[in-house]
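User: I would like a close look at one part of this model, the contact between the two chains, and then at the elements around it. Please take it step by step and keep to what can be read from the coordinates.

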Amino acid sequence: MSEDSGTRTPALVHAGTRAGREDDDGSERGTRGGDARALRRRAPVAERSRSIRQRASLRWALARSAAPLAWCPSASMLRRIPRAAWICALVAGLNATCWSIVTPAFEIPDEPDHYAYVKQLAETGSLPSPNSTRFAKEERITLVGLRYYKVRQQPQHDAIGSRAEQNKLQEDLLLASQASEVGSPTAGVAASQPPLYYALETVPYDLAGGTVLDRLQLMRLMSALMAGLTAMFVFLFIREALPREPWAWTVGGLAVALAPLLGFISGAVNPDSLLFAVSAAIFYALARAFRRGLSTGAAASIGALTAVGLLTKLNFIGLTPGILLGLTVLTVRAARSSPVRLAHRRLALAVGVAFSPVVVYACINALSNHPPLGLVSGALQTLHGSIFAEINYIWQLYLPRLPGTFNDFPGLFTTKQLWFNGYVGLYGWLDTTFPGWVYSVAPIPAGTIALLCGRALFESRAALRSRAAELAVYAVMAVGVMALVGAASYHGFPAVQAEFAEARYMLPMLALLGAALALAARGAGPRWGRAAGTLIVILFLSHDVFSQLLVVGRFYG
Amino acid sequence: MTQPARIALVAGLALLAVAVGLTLSRSPMSIARTNGTPLREYRVAETAQGATYCQPHELLPSGTSAIRLSLSAFTGPRVRVVVSSGGSTVTSGTRGSGWTSRVVAVPVKPLPRAVSNATVCASFRTHHETVTVFGMRAPSALATRQGRRTLQGTMTIEYLRPGTRSWASMAPSIARRLGLGRASTGTWIVLLPLALLAVIAAAASKLLLKELS
């Protein structure tokens, strides 16, 4: 996110200004050396030790608040995870690691902001201010040295490419690492996000030491681990939701592990990486509860995961109506087979565990002069237009408009041009695309997969009817996420037509994608199902390889 | 693993290898010419309704197959580019809506030969979404036109055509550049993603062979 636009329109989902402009801050170069040396001489020891104390106290507070929510699998639970799920996790983690190497530093939406948030939290123990607009000097120097402002959104400019530029960058990094400035005055669009992901990232931040780039790489690897968790939970979700054909679990799990968008985002410092993992986990927990009933453990797990999700990123709010519906359905079912009071107690446990951190978060925000619910508060204050206009807008953001409604997207087929094309390939700061023919050809394999999935659903229609409530829960979760992104985009409309129409915001539903792919493989029938599943995985692998080649060509070609 | 699945795996991987090889044997688009590289960019125009902006006195190199315009938008509209010279259309092309960036490349019918003193017109319609034209300040004789109005600068335009070198021949320089601008530097960095991708492909294949049996 840009320095100058870090605190613009409040929104639940932040993508940064896709078309924001900044100039290379040349004036910074002329003065930073002297300033940095002077600041270093004055390095306030007392301030640093105070900072360390603050950090320790904040981490203690975070750990304490998270302790009852921590979902600590025992060794026996881990042993029950199939080997195939571990391999899916390994593939996803390695893939995100690969992406973290091929993508230049900070050339991913909002990564400078997320880094700044971690820096602030790690060095001061306090949350970043939503009012300031300048990054810490250390980060600014690094961004200028990397030619970030020239490269971002301008595919005609490559990443730095000469030894002279590298030497200059090394000097700048050394100088920047010696700056005595503590924390980061701003964290741009990330400022109002909850702190859990950033708190976790303070660990690699501290461990790495060194320069900004050392810390960034280790922080990216932490995100890559979360990609592994995502793939594992997707596998486990498919196993619970579609238990009949074990081989199909591998198809869904592996395909998701190889999804380039998952690797791209999880190869960066971005809370979406944890959001994807916790979203996949909540789908798994719900599927497990639907299959085995709402035990006390299941209720606590669902509550804890919801709490973790709400502490990770505000986008998780979109999933909560579905989660609450799921808990309600499960409670009604449990009340039929066990004492009503016990069922209600489990519901209360889940809801209590889920929302207690929100109360803590609101208190922390209130005490630090932030809006109580972060960006949610801002979004609620900036609602505009009629509710029908907003619903119409949200509908059209995803689907063709209904007859008789006002056209909010004239000349734009949003389903294809924003969402499908965005999933097929839109990397870097949304400035890296495949040649046009790729987007024309891509609907063929996608359509084939959709047809096979439809066939499998049709053949399983009797089973579907008996699981209608469970499917409704997943549908409400998906619609909740889509509605949230749509509502956030509507705040900027009509000046900006579709501010948050980025495919990555749909990745909390990766578990459903994995299930759809597993179903598609099954849809090819008993004879060809495994071959179809293999081809689906190869398709995702190919998509991933060519996406990484695209990024390499864009930045280093 | 069943026989069809095994065949699908081998054929799929072979096809992927062939596709990568073919891609590497092709040349990336390169900038054949630009009408100026501004030291400090200037907002030539801004519109929320749509307009036609024409840049006169352009020289288009032979082989031009895409024209990159300095237009900025969040959700860019459909853009049509028409190049005319001496009263007749030389080439044209369209880029669909939905792009997002600070530049937009519009593919055009490749030019068999260079064209001088051409006028490049970019047309689009928007509905509230703001599109900004970037360029540099210029005297009115060289400036971009919007209808009969002369703006205060020229729109930056780049002319792209397939380069002379293949991706494969550029591999050493790409490897060297990939090793810059990061925590640990060196050309050896390129081996990491290659090794990781190999491990990923091997692990996925082995898992498919085992689980889909």
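Analyst: What follows starts with the contact between the chains and then moves through chain A and chain B in turn.

The model is a predicted one, and the contact in it takes 65 residues from chain A and 58 residues from chain B. On the side of chain A that touches chain B, the elements that give two or more residues are helix 4 (83-102), helix 8, helix 10 (212-241), helix 11 (246-257), helix 19 (414-424) and helix 25 (525-556) of chain A. Helix 25 of chain A provides the largest share of that side, with 16 residues. Sorted by class, the side of chain A that touches chain B holds 39 nonpolar, 20 polar and six charged residues.

Two of these contributing elements can be described further. Helix 19 of chain A has eleven residues, of which eight are buried, so helix 19 is largely enclosed by the rest of the structure. The buried residues of helix 19 of chain A are Thr414(A), Gln417(A), Leu418(A), Trp419(A), Asn421(A), Gly422(A), Tyr423(A) and Val424(A). Within chain A, the buried residues of helix 19 pack against helix 12 (260-266), helix 18 (387-398) and helix 20 (436-441).

Helix 8 of chain A, which spans residues 163-177, contains Glu165(A). Because 17 other C-beta atoms lie within 10 Å of Glu165(A), this residue counts as partly exposed. The C-alpha atom of Glu165(A) is separated by 42 Å from that of Tyr490(A), and the two residues are 325 apart along the chain. In the loop between helix 7 (148-151) and helix 8 of chain A sits Gln153(A), which has a positive phi of about 65° although it is not a glycine. Gln153(A) counts as buried because 26 C-beta neighbours fall inside 10 Å, and the cut-off for that class is 20 or more.

The peptide bond that joins Phe493(A) and Pro494(A) is cis, with omega at about 10°.

Helix 14 (residues 296-312) and helix 16 (residues 340-367) of chain A pack with their axes 7 Å apart and at an angle of about 20°. Helix 14 and helix 16 of chain A are therefore roughly parallel to each other, since angles under 35 degrees are counted in that way. The crossing of helix 14 and helix 16 of chain A is right-handed. Among the residues that make the contact are Ala299(A), Ala300(A), Gly303(A), Ala304(A) and Ala307(A) from helix 14 of chain A, and Ala350(A), Gly352(A), Val353(A), Ala354(A) and Pro357(A) from helix 16 of chain A. By class, the contact of helix 14 with helix 16 of chain A has 16 nonpolar, five polar and one charged residues.

Turning to chain B, the description is one of strands and sheets. Six strands of chain B form an open sheet in the order 7-6-9-3-11-12, with antiparallel pairing. Strand 7 (88-95) and strand 12 (149-150) of chain B are at the edges, each with a single partner strand, so one side of each has no neighbour in the sheet. Strand 6 (residues 79-85) and strand 9 of chain B run antiparallel and are joined by five bridges. Val81(B) stands opposite Ala122(B), a residue of strand 9 of chain B.

The loop between strand 9 (115-125) and strand 10 (131-137) of chain B holds His128(B), which has a positive phi of about 85° although it is not a glycine. His128(B) counts as exposed because 12 C-beta neighbours lie inside 10 Å, and the cut-off for that class is 12 or fewer.

A further open sheet of chain B has four strands in the order 1-14-4-8, and its pairing is antiparallel. Strand 1 (29-34) and strand 8 (104-107) of chain B are the edge strands, each pairing on one side only. From one strand to the next, the twist in this sheet averages 30°. Strand 1 and strand 14 (residues 157-162) of chain B pair in the antiparallel sense over five bridges, and Ser30(B) has Arg161(B) of strand 14 as its bridge partner.

Terms used
Residues numbered from 1 in each chain as written. Chains lettered and ligands numbered in written order. Predicted model: local features only at pLDDT ≥ 70, side-chain atom pairs only at ≥ 80, totals over all residues. Contact = placed C-beta atoms within 7 Å. Nonpolar A, V, L, I, M, F, W, Y, C, P; charged D, E, K, R; others polar. Axes fitted to C-alpha atoms, helices over the stretch in contact; angles between N-to-C directions. Parallel < 35°, antiparallel > 145°, perpendicular 65-115°, else oblique. Left-handed = near helix turned anticlockwise from the far one by under 90°. Pairing = 2+ DSSP bridges.
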